[in-house]
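Visitor: I would like to learn how to read a few features of a protein model. Please take them one at a time.

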Amino acid sequence: MTSRLSGRTAIVTGASSGIGLATVERLLAEGANVMATDVADHDGAPSERLRHLVHDVRDEAGWDEIVAQTIAAFGGLDIVVNNAGVTAATLVPLAETSLADWQRVMSVNLDGVFLGTRAGLKAMAERGGVIINIASIHSFIAAPGTGAYSTSKGGVVMLTKVAAVEGAQLPRPVRVNSVHPGYIETPLVANRLAQRPELKTAIEDKTPLRRLGRAAEVAGAVAYLCSDDAAFVTGTGVTLDGGLTSI
């Protein structure tokens, strides 16, 4: 493994499982310091380059504290990965979606990403840095029963583009990009597919690469976007879906 991120410090939200956990592991492997946050306590022990904090991304004041503790622990902040996300409890049509479920999804998936993006732009304005927002292929393709989720992720894409334009104008540029996973083997996707067991086979059959993606593959794309290899990449999205949306 290369050390493209040696000496840099990242905050990763939703870091206790799935894409978030894989991202923490990849950034550490590439030399970064990582503040891993989640609403749940983390079982893993901290290390010289890894700390864990309990954090609800919807908590505005909590973001100030996370940034402050990260800088205190590692001396700076260079990367923010806004990964935390939720889906509706069940797949239901818009006509049957409650306002409470809609607002819960929006508050985490869009409000939380806004707060993390804003915190990153403020903290890194004088030193430069990178913000990665985890969106979804459902940012740009519709599926029945995913109204709140898809709408929130579509909002993340435009938020990313605006933040990228503004981040480029800061004293030291902050690059902002989004990552659009397809169907990845994570607890979030497993929960959704459990409601429709036949769907997993159908997805694999339709996907040109004939399988679900792996969290580590998404983490690899995040690491690339965080590195100097992507120094001229901002305001764009990287799709990892095995070719599903190419059909």
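Visitor: Which residues does Leu27 touch, not counting residues up to four places away in sequence?

Guide: Bear in mind that this is a predicted model. With residues up to four places away left out, Leu27 touches Leu5, Ala10, Val12, Ala32, Val34, Val81 and Ala223.

Visitor: How do I place such contacts in a wider picture?

Guide: Start with the general idea: in soluble globular proteins, nonpolar side chains tend to be buried together. Here the largest nonpolar core has 29 residues. Leu27 is among those with the most contacts inside this core, along with Val24, Val34, Val81 and Ile132.

Visitor: Which elements give two or more residues to this core?

Guide: Strand 1 (9-12), strand 2 (33-38), strand 4 (79-82) and strand 5 (129-134) do, and so do helix 1 (18-29) and helix 7 (215-226). Helix 7 gives the most, with seven residues. There is also a second, separate core of 21 residues, which includes Val67, Ala84, Met124 and Ile131.

Visitor: Next, helix packing. How do helix 3 and helix 4 cross?

Guide: Read the angle between the axes; under 35 degrees counts as roughly parallel. The axes of helix 3 (residues 99-124) and helix 4 (residues 147-167) cross at roughly 15 degrees and come within 9 Å. The two helices are therefore roughly parallel to each other, and their crossing is right-handed.

Visitor: Which residues make the contact?

Guide: From helix 3 come Trp102, Val105, Met106, Asn109, Leu110, Val113, Phe114, Thr117 and Leu121. Helix 4 supplies Gly147, Ala148, Tyr149, Thr151, Ser152, Lys153, Gly155, Val156, Leu159, Ala163 and Gly167. Sorted by class, the contact of helix 3 with helix 4 has 12 nonpolar, seven polar and one charged residues.

Visitor: At what angle do helix 2 and helix 3 pack?

Guide: Helix 2 (residues 60-74) packs against helix 3 at about 40 degrees, and their axes are 10 Å apart. That angle makes helix 2 oblique to helix 3. The crossing of helix 2 and helix 3 is right-handed. Glu60, Trp63 and Val67 of helix 2 meet Gly112, Leu115, Gly116, Arg118, Ala119 and Ala123 of helix 3. Of the residues in this contact, five are nonpolar, two polar and two charged.

Visitor: Now single residues. Is Ser107 buried or exposed?

Guide: Compare the relative accessible area with the cut-off: buried means under 20%. Ser107, found in helix 3, has a relative accessible area of 14%, so Ser107 is buried. Leaving aside neighbours within four places in sequence, Ser107 is in contact with Arg58 and Gly112.

Visitor: What does Gly154 count as at 25% relative accessibility?

Guide: Gly154 counts as partly exposed at that value. Gly154 is found in helix 4. The C-alpha atoms of Gly154 and Ser136 are separated by 8.2 Å, with the two residues 18 apart along the chain.

Visitor: Where does Arg210 lie, and what is its phi?

Guide: Arg210 lies in the loop between helix 6 (197-206) and helix 7. The phi of Arg210 is near 65 degrees, which is a positive value in a residue other than glycine. For accessibility, the cut-off for exposed is over 50%. Arg210 has a relative accessible area of 53%, so Arg210 is exposed.

Conventions:
Residues are numbered from 1 along each chain as its sequence is written. This is a predicted model: local features need pLDDT of at least 70, side-chain atom pairs count only at pLDDT 80 or more; totals for chains, interfaces and linings use all residues. Side-chain values use heavy atoms; hydrogens and water are left out. Axes are lines fitted to C-alpha atoms, for helices over the stretch in contact, and angles run from 0 to 180 degrees between N-to-C directions. Helices (H or I, at least four residues) and strands (E, at least two) are DSSP runs, numbered from the N terminus. Angles under 35 degrees count as roughly parallel, over 145 as roughly antiparallel, 65 to 115 as roughly perpendicular and the rest as oblique. A crossing is left-handed if the near helix is turned anticlockwise from the far one by less than a right angle, and right-handed if clockwise. Contact means heavy atoms within 4.5 Å. Ala, Val, Leu, Ile, Met, Phe, Trp, Tyr, Cys and Pro count as nonpolar, Asp, Glu, Lys and Arg as charged, and the others, Gly among them, as polar. A nonpolar core is a set of buried Ala, Val, Leu, Ile, Met, Phe, Trp, Tyr and Cys residues joined through side-chain atoms within 4.5 Å. Buried means under 20% relative accessible area, exposed over 50%, partly exposed in between (1.4 Å probe, protein chains only).
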